[in-house]
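Visitor: I'd like to learn how to read a structure like this one. Could you take me through it feature by feature?

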Amino acid sequence: MIGNDWDEKLKIIWDSSGFKKFYYVVEEEYRHHTVFPPKDHIFFALKLTSYKDTKVVIVGQDPYHGVGEAHGLSFSVQKGVAIPPSLQNIYKELQDDLGIPPAHSGDLTNWAKEGVLMLNAILTVIKDMPASHRKLGWERLTDYIIRLLNEKAEPVVFILWGNFAKEKAKYITNPKHLVLTSPHPSPFSARYGFFGSKPFSKTNEFLRKNGLKEIDWKVEK
């Protein structure tokens, strides 16, 4: 399904009768509603960032629910799409933290290629209905993905923004990893601790101390 080592890592999930039943429900949602992201982009984050290459995980809530926005990477929108307020705030923090000016594009594909797994806690959403697929069943899969990453021999940075993401913290028990939490970058909460949290420099400092290549956080290269 994915095309890299995630297929083997998640084989027990893909082959299970429970997942097959669940995915039938997902397909029914696509038949009867307008659902985002496009079905061939549901697992785009896993396709772009293999298990082996994952050095950082940024966990979001669920995909953007507006037309043309979601494309399978948390907080990211496709090129040419207006940059959402949460991502604008992420860019502000990136500039304050590392001096990288805000990008003109909201497409975070380059982060994914750097080893940043851009994972939403919930992988689909009905048009104009945020959190509409919460409790549909995606959480079982994404919880399992976090548990697999917790087992990695190499240190991983987990960046958890907002309450949806913070729910994953209980699966990160390996002391070699770094967990960074803050409020969500939404305009409703960013000023309560997201701004000034410096997740980008903290991530690179941790990677550097562990002998790993730092992330190039530039969106446009």
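Visitor: What order do the strands of the open sheet have?

Guide: Some ground rules come with it. This is a predicted model, where local features need pLDDT of at least 70 and side-chain atom pairs count only at pLDDT 80 or more, while totals for chains, interfaces and linings use all residues. Residues are numbered from 1 along each chain as its sequence is written, and side-chain values use heavy atoms, with hydrogens and water left out.

Guide: Now the general idea: strands of a sheet pair through backbone hydrogen bonds, either parallel or antiparallel. Here the open sheet has four strands in the order β3-β2-β5-β6, with parallel pairing. β3 and β6 (178-182) are at the edges with a single partner strand each, so one side of each has no neighbour in the sheet. From one strand to the next, the twist averages 15°. Helices (H or I, at least four residues) and strands (E, at least two) are DSSP runs numbered from the N terminus, and two strands pair if DSSP finds at least two bridges between them.

Visitor: How many bridges join β5 and β6?

Guide: Strand β5 (residues 157-161) pairs with β6 in the parallel sense over five bridges. As an example, valine 157 has leucine 178 in β6 as its bridge partner. A helix sits on this sheet too: α7 touches β2 (56-60), β3 and β5, and its direction makes about 155° with that of β3. Contact here means heavy atoms within 4.5 Å.

Visitor: And helix against helix: at what angle do α5 and α9 pack?

Guide: Two packed helices are described by the angle between their axes and the distance between the axes. Helix α5 (residues 85-98) and helix α9 (residues 199-209) pack at about 55°, with axes 7 Å apart. That makes α5 oblique to α9. The cut-offs: under 35 degrees is roughly parallel, over 145 roughly antiparallel, 65 to 115 roughly perpendicular, and the rest oblique. Axes are lines fitted to C-alpha atoms, for helices over the stretch in contact, with angles from 0 to 180 degrees between N-to-C directions.

Visitor: Which residues of α5 and α9 meet?

Guide: From α5 come Ile90, Glu93, Leu94, Asp97 and Leu98, and from α9 come Pro199, Phe200, Ser201 and Asn204. By class, the contact of α5 with α9 has five nonpolar, two polar and two charged residues. Ala, Val, Leu, Ile, Met, Phe, Trp, Tyr, Cys and Pro count as nonpolar, Asp, Glu, Lys and Arg as charged, and the others, Gly among them, as polar.
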